[in-house]
Structure formats: structure tokens, C-alpha cells
Amino acid sequence: MNNGPDPDRVDRGELFVVATPIGNLEDMTLRAIRVLKEVDVIAAEDTRVTAHLLARYAIAQRPMALHAHNERARTEQVLQLLAANKRVALVSDAGTPGISDPGAILVEAVRAAGFRVTPVPGPSALAAALSVSGIAAERILFCGFLPAKASARRNAITELGNRTEALVLYEAPHRVLECVEDLAAGVSHPEQRRLVIAREITKIYESVHECMLEAAAQWLREDPDRLRGEFVLILSGLEAVDESADWEKTLSTLLHDLPLAQAVRLTCAISGAKRKPVYERALKLKPGQ
Ligand code: SAM
């Protein structure tokens, strides 16, 4: 509960980056509604989409367009508004601006010009999907959309395929099957990986399906409805390999027939392991030597 001074009230121009629902319009926060009512200008990725949201909350503003193709030009305009002490809100079609959406160019320029940039947090498909994935997400790698072209996508997957973090991807419905197939063919140890397919979050046909990566393409193919809508894919990371397991076996075998020093030396040469842990383990296995 914040009973202090209202952080949204300032005398100078200010940019608010406002998250909006990713499907269910009830996910609009009270603060987002108030900020959108109070600002002088709303910059929106698609003015028609935002007009629908504004109508739902009786917000009497006419948004101006700020999308991927005019963000630089509009940034100049927004800087002028801020210099005239106007307050501006940035919204995207759905979710949080700047996350696989326009916003970063504007925010960077506004901050560089010395104006305050204030987040008004709320929905994001990234956080919503992670929250129901059941994949331990202390360490995640958000990848956004992988490249649309097959060869570039496969290269990206090869690069990501050894990461131990869970990978979070956005994907379009017409590419989700190919993407899942490429993941299964391209990541290390696909047989150990779990995939969560989060579809149409907060919408009527919301579904969250978890399976092994190798079974995912077949599951998607079984029902055309499973390929409809908007998708977040969450892939469990590569399990960290316990390297000690490999050299421990070598060490204990060699210790049967060889003196400790020789067994340690050979174990390090064969496995590439460091001498200290191998030597300490050898002393435990053959105390007194
Ligand atoms: N800025 C948005 C956010 O914060 O999540 C993401 C915008 S990005 C252009 C749109 C992508 O987000 C979709 O293609 C899909 O991958 C994902 N997405 C958005 N809404 C979704 C939903 N309701 N369910 C599943 N994925 C969604």
C-alpha cells in the first residue's frame, strides 16, 4: 500500500510506459486506467486496438500512432511534447511495451533527454506463461521471436541449445510447428527437455500443455485447434552435467590396480579433470596412501 506522495504527479513532461491486457480486458490495472485518463497524449502501437480498450474504460482520449515503422519520427514529436511539460503514455497492442514490441527507441531517447520514464506494470505474456509453466524459473533466457527464416532460426537454436537456463520464446501460429520441430532437432539432449506450450493466455481458448520436447510436434499435429492463436513456448534448460561422475569412475577403477599418485595422474590425463579434487577423492577412497 503506497500512502506517500503520488509518484505519478510531477510538474515536468514525463513518459509512462503502460502495460495493457494480453487478452482479457479485465486485466487492466486501476493505475493504468488512471494514468491513461490523466495523460495529455497516448502513443499507441495500433490506434484501433487501443481505441477499443479506451472505450471499455471510458477513457476519452484519441491515441496517436507510434509503431515499429515510425518510432524514430514519433520520438522527436514526443520529445517536443515533453519539453512543453506534457505527459505522454506509451501502450502497445497487448502486454508490456518494449517486450518484443516498440518502445525501446522512444524510452532511450526520452531518458537521454533527461525526462522521467515511469513504468506502469501489468500483463506480459512472458510473465503469465512462466507463472503457470511449472518450470523452475530462477534462471530464464527470454529469446522473444526466433528468426522467421528457417536457416537463421536453426542457427539460433544451435546457439541456444546448450544453455542451462529455461528458454522462453514467442511464436506465431503459422510457425509454431516448424519451430517446435527445429527445437527438437537442434538442441542438445532433446530427450531430457520439457516443453510448455502456453496458448491464448487469458482468452476463451486458453491452454497450457506440458510434454517432452520430442513429443510436442506430434501433439500439435493431432488437432488443428492446437495450432491456433498466440503462443509462448518454454523449454527447460540443459541439465547441468555432473562432470565429477565421469572421472570418479575412472579413478576408482585405476585405484584397484595402481598406486594412488599414478591413478590420479592418469585420471586427470584421461578426463581433463583438475588434480586437486581428484587427489582429494583418491585419498578418501584409499586412505593412508
Ligand atoms: N509486449 C507483449 C508482452 O508483453 O507479452 C508481447 C508482444 S509480441 C508482439 C506478441 C507475442 O506475444 C505473440 O506472438 C505471442 O507469442 C505472445 N503473446 C501475446 N499475447 C499472448 C497470449 N494471450 N497468449 C499467448 N501468447 C501471447
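## Domains

The protein comprises domain 1 (14–123), domain 2 (126–235) and domain 3 (244–285), with bounds taken from an automatic or database domain assignment. Between the C-alpha centres of domain 2 and domain 3 the separation is 41 Å.

The model is predicted: local features require pLDDT of at least 70 and side-chain atom pairs pLDDT 80 or more, while totals for chains, interfaces and linings use all residues. Numbering starts from 1 along each chain as its sequence is written, and side-chain values use heavy atoms, without hydrogens and water.

## Ligand shell

Because domain 1 (14–123) and domain 2 (126–235) both give residues to the shell around the ligand, the ligand lies between them. The shell (residues with a heavy atom within 4 Å) holds 19 residues, of which Ile 99, Asp 101, Ala 125, Tyr 170 and Phe 231 come nearest. Strand E7 (166–171) and strand E10 (231–235) each contribute at least two shell residues; strands are DSSP runs of at least two residues, numbered from the N terminus.

A polar backbone atom of Ile 99 lies 2.8 Å from a ligand nitrogen, and a backbone N or O atom of Ala 125 is 2.8 Å from a ligand oxygen. In the side chain of Glu 230, an N or O atom is 3.3 Å from a nitrogen atom of the ligand.

Of the 570 Å² of accessible area (Shrake-Rupley method, 1.4 Å probe) that the ligand has on its own, the protein covers 91%.

Terms used. Polar contact = N/O pair within 3.5 Å; in protein donor to acceptor, adjacent residues only side chain to side chain. Helix = DSSP H or I, 4+ residues; strand = E, 2+ residues; numbered from the N terminus.
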